[in-house]
Amino acid sequence: MNSSVTSFDQLPITLKADQVAAVLGISRSNAYNLMRSEGFPTLHIGKRMLVPKDRLIRWIDANAQPEVRV
């Protein structure tokens with residue numbers, strides 16, 4: 001995946017592990033671990049694992065740390 005993605009609008013409707021890794025700034029191995037974890041919005045289609053873009057965005061919003069203001 002191109003690392004110059006600057007907007008969620010540029011992402012495909014469903015993402016593969018390497019794309020999830022690039023978006024989250026993690027390794028492909030960690031992306032697979034995350035995609036297998038409970039509560040992560042992964043679609044299992046046969047042996048394929050895909051993450052719908054809209055559900056990934058909601059997951060990020062729900063799991064983001066609140067901004068600390070000083």
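How many aromatic pairs does the structure hold? One, and the tour will stop there. First, some ground rules.

This is a predicted model: local features need pLDDT of at least 70, side-chain atom pairs count only at pLDDT 80 or more, and totals for chains, interfaces and linings use all residues. Residues are numbered from 1 along each chain as its sequence is written, and side-chain values use heavy atoms, with hydrogens and water left out.

**Whole chain**

Start with the cartoon. The chain has three helices and three strands. Helices (H or I, at least four residues) and strands (E, at least two) are DSSP runs, numbered from the N terminus. Along the sequence the pattern reads β-α-α-β-β-α. Along the principal axes, the C-alpha atoms fill a box of roughly 50 × 30 × 20 Å.

Now colour by accessibility. Buried means under 20% relative accessible area, exposed over 50%, and partly exposed in between (1.4 Å probe, protein chains only). Of the 70 residues in the chain, 26% are buried. Contact means heavy atoms within 4.5 Å. Among contacts in the chain with a separation of 6 or more, 35% join residues 24 or more positions apart.

**Helices α1 and α2**

Select residues 17-24 for α1 and 28-36 for α2. Two packed helices are described by the angle between their axes and the distance between the axes. Here the angle is about 105° and the axes are 8 Å apart. Axes are lines fitted to C-alpha atoms, for helices over the stretch in contact, and angles run from 0 to 180 degrees between N-to-C directions. α1 and α2 are therefore roughly perpendicular to each other. By definition, angles under 35 degrees count as roughly parallel, over 145 as roughly antiparallel, 65 to 115 as roughly perpendicular and the rest as oblique.

Show side chains at the contact. From α1 come Ala17, Asp18, Val20, Ala21 and Leu24. From α2 come Arg28, Ala31, Tyr32, Leu34 and Met35. These residues divide into eight nonpolar, no polar and two charged. Ala, Val, Leu, Ile, Met, Phe, Trp, Tyr, Cys and Pro count as nonpolar, Asp, Glu, Lys and Arg as charged, and the others, Gly among them, as polar.

Stay on α1. Its buried residues are Ala17, Gln19, Val20 and Ala21. They pack against β1 (14-15), α2 and β3. Click alanine 21. Leaving out residues up to four places away in sequence, Ala21 touches Ile26, Ser27, Arg28 and Ala31.

**The core**

Select Leu11, Leu15, Ala17, Val20, Ala21, Ala31, Leu34, Met35, Phe40, Met49, Val51 and Leu56. These 12 residues make up the largest nonpolar core. Such a core is a set of buried Ala, Val, Leu, Ile, Met, Phe, Trp, Tyr and Cys residues joined through side-chain atoms within 4.5 Å. α1, α2 and β3 (48-52) each give two or more residues to this core.

Zoom to methionine 49, in strand β3. Met49 counts as buried, at 13% relative accessibility. Beyond four places in sequence, Met49 touches Leu15, Lys16, Tyr32, Met35, Arg36, Thr42, Leu43 and His44.

Next, select leucine 43, in strand β2. Leu43 is partly exposed, with a relative accessible area of 31%. Beyond four places in sequence, Leu43 touches Arg48, Met49, Leu50, Pro52 and Arg55. Threonine 14 is 29 residues from Leu43 in sequence and 9.2 Å away in space, C-alpha to C-alpha.

**The aromatic pair**

Select phenylalanine 40 and tryptophan 59. A pair of aromatic rings is described by the distance of the centres and the angle of the planes. The ring centres of Phe40 and Trp59 are 4.8 Å apart and the planes stand at 75°, so the pair is edge-to-face. Rings of Phe, Tyr and Trp (its six-membered ring) pair if their centres lie within 6.5 Å; planes under 30 degrees apart count as stacked, over 60 as edge-to-face and the rest as tilted.

Phe40 counts as buried at 7% relative accessibility. Trp59 counts as partly exposed at 22%.

**Out to the surface**

Go back to α2 and pick arginine 36. Arg36 counts as exposed at 56% relative accessibility. Its C-alpha atom is 17 Å from that of arginine 58, 22 residues along the chain.

Finish at arginine 69, in the segment after α3. Arg69 is exposed, with a relative accessible area of 72%. The C-alpha atoms of Arg69 and tyrosine 32 are separated by 34 Å.
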